[in-house]
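Hello,

Here is the structure I promised to pass on. Please have a look at it first, and then read my notes below.

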Amino acid sequence: MGNELYSGVVALAIGFVVGIVLFVPFVAISYRRRGRLTVGRFLLWAAALVYFWAIWTYTLLPLPDAENYVCAGVNLNISAFVDDLRGARSLTDFAVLQLALNVLLFLPLGFFLRVLGGRGILVAFVTGLLVSLTIESTQLTGVWGLYPCPYRVFDVDDMLTNTVGAVLGSLVALIVPRRWWVRRSTDAGSRPHPVTRGRRLLAMFCDLLGVVLVGYGTAVAVQVFLEYIVRDHAAVLDGAAGRFALTVTPIAIWAVVVLVTGRTPGDLAVELRYRGGPLPAPVARPLRFVAGIGGYLLLGLVPAPGTFVQFVFAAASVVLVFTTRDGRGLPGLLSGQRLVDAREPAAAVDDGGTVFTTPEKSSRNG
């Protein structure tokens with residue numbers, strides 16, 4: 001029981017970390033393919049991610065200690081499980097439970113392949129077989145030579161029952177409403193969708209998450225470079241270079257993206273754009289930056305009192321999403337621009353009679 005709990009915790013931990021790293025790309029892909037991100041599909045993909053790691057942790061972990069390592073055997077008799085079942089005295093017998101668990105372990109694989117990948121029984125069969133073969137081969141080779149001999153039994157019966165589980169999962173997925181299935185050919189991702197306040201908050205969260213990942217990723221890369229390439233251990237202990245990269249790199253990247261495109265990476269992910277207004281692009285774009293994630297980051301460079309101001313700025317930004325028209329928030333207020341779906345045609349008329357003929361220029365009716 002302890003091993004199963006350990007494997008489950010590892011799967012959840014790895015899935016959580018990988019999910020954080022992939023969240024912004026996942027949001028961007030969802031808005032380009034489907035035009036939106038629903039809670040249901042997000043939870044399905046999150047479950048699939050955790051399941052992917054669970055397959056490997058449950059079948060390969062925990063790795064054995066070198067001190068008490070024992071070589072395992074090999075079973076090439078494809079019908080050995082039949083003999084085991086005949087000898088079982090009850091449904092709680094180990095042979096019965098092992099067979100059931102092998103089937104159940106791969107059942108979600110076929111389910112996710114159909115619901116999220118739009119693939120049927122044949123693909124579930126082939127994928128289940130190949131994944132199971134990869135796992136069994138990894139065990140047979142002692143993690144591809146890491147250990148001198150197999151540390152778990154290579155069992156063709158496991159491959160058979162795993163594959164059956166994947167096929168059954170594909171059949172179970174048939175009960176899921178088709179509106180949850182992936183649509184291979186759809187123009188939903190190219191059509192404008194309503195600009196909601198939730199969508200604007202999602203863009204802000206993507207920017208914040210992206211800033212954190214880029215900042216810490218760059219800081220770690222700098223520290224590794226100093227330690228193993230430059231071999232300046234004193235600089236690594238000092239940490240000044242890492243801290244500089246942590247704070248300055250996201251500011252530089254986000255500033256360049258906004259000044260070039262007029263949109264933050266978060267805006268790009270959820271297909272939002274600030275458009276129109278009385279100001280030319282060279283003025284409106286810097287305002288977009290400092291009134292959004294750029295202002296938040298710049299306030300973080302201010303000494304101690306700046307932390308409180310930074311918090312107030314973030315709180316005010318969230319409040320203004322709910323109190324301004326269409327959720328345009330502080331960037332829209334300062335620049336006078338509308339917040340629109342980036343796929344909306346450039347020529348549009350707002351309530352005040354402003355005609356937008358290009359993403360950046362406007363002519364105001366007299």
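This is a predicted model: local features need pLDDT of at least 70, side-chain atom pairs count only at pLDDT 80 or more; totals for chains, interfaces and linings use all residues.

Residues are numbered from 1 along each chain as its sequence is written, and side-chain values use heavy atoms, with hydrogens and water left out.

**The protein as a whole**

The protein has 15 helices and seven strands; these are DSSP runs numbered from the N terminus, with helices being H or I of at least four residues and strands E of at least two. Of its 366 residues, 40% count as buried. Buried here means under 20% relative accessible area, exposed means over 50%, and partly exposed is in between (1.4 Å probe, protein chains only). Among contacts with a separation of 6 or more, 72% are between residues 24 or more positions apart; a contact means heavy atoms within 4.5 Å.

**Salt bridges**

I count a salt bridge when a side-chain nitrogen of Lys or Arg lies within 4 Å of a carboxyl oxygen of Asp or Glu. The count comes to seven salt bridges.

One of them joins D341 to R199, with the closest N and O atoms 2.8 Å apart. This pair links distant parts of the chain, 142 residues apart: D341 sits in strand β4 (residues 338–341) and R199 in helix α8 (residues 197–230). D341 counts as buried because its relative accessibility is 1%, and R199 is buried too, at 4%.

D267 and R288 form another salt bridge, with 2.7 Å between the closest N and O atoms. Here the partners are 21 residues apart, D267 in helix α11 (residues 265–270) and R288 in helix α12 (residues 281–290). Both D267 and R288 are buried.

R338 and E344 meet in a salt bridge at 3.7 Å, N to O. R338 is buried, with a relative accessible area of 15%, whereas E344 is partly exposed at 21%. There is also a network of salt bridges that links R32, R263 and E271.

**Helix α12**

R288 turns up again among the buried residues of α12, which are A281, A284, R285, R288 and F289. They lie on the same side of α12 because they cover an arc of only 140 degrees around the axis, taken from the directions from the helix axis to the C-beta atoms. Their cover includes α8, α10 (240–261), α11, β3 (272–275), α13 (293–299) and α15 (329–335).

**Aromatic rings**

The structure holds seven aromatic pairs. Rings of Phe, Tyr and Trp (its six-membered ring) pair if their centres lie within 6.5 Å; planes under 30 degrees apart count as stacked, over 60 as edge-to-face and the rest as tilted.

The ring centres of Y51 and F112 are 6.0 Å apart and their planes are at 50 degrees, so this pair is tilted. Y51 is in helix α2 (residues 39–60) and F112 in helix α4 (residues 94–115), 61 residues apart. Both Y51 and F112 are buried. F112 also forms an edge-to-face pair with F111, 5.6 Å centre to centre and 75 degrees between the planes. Elsewhere, F23, F26, F42, W45 and F205 form one aromatic cluster.

Best wishes
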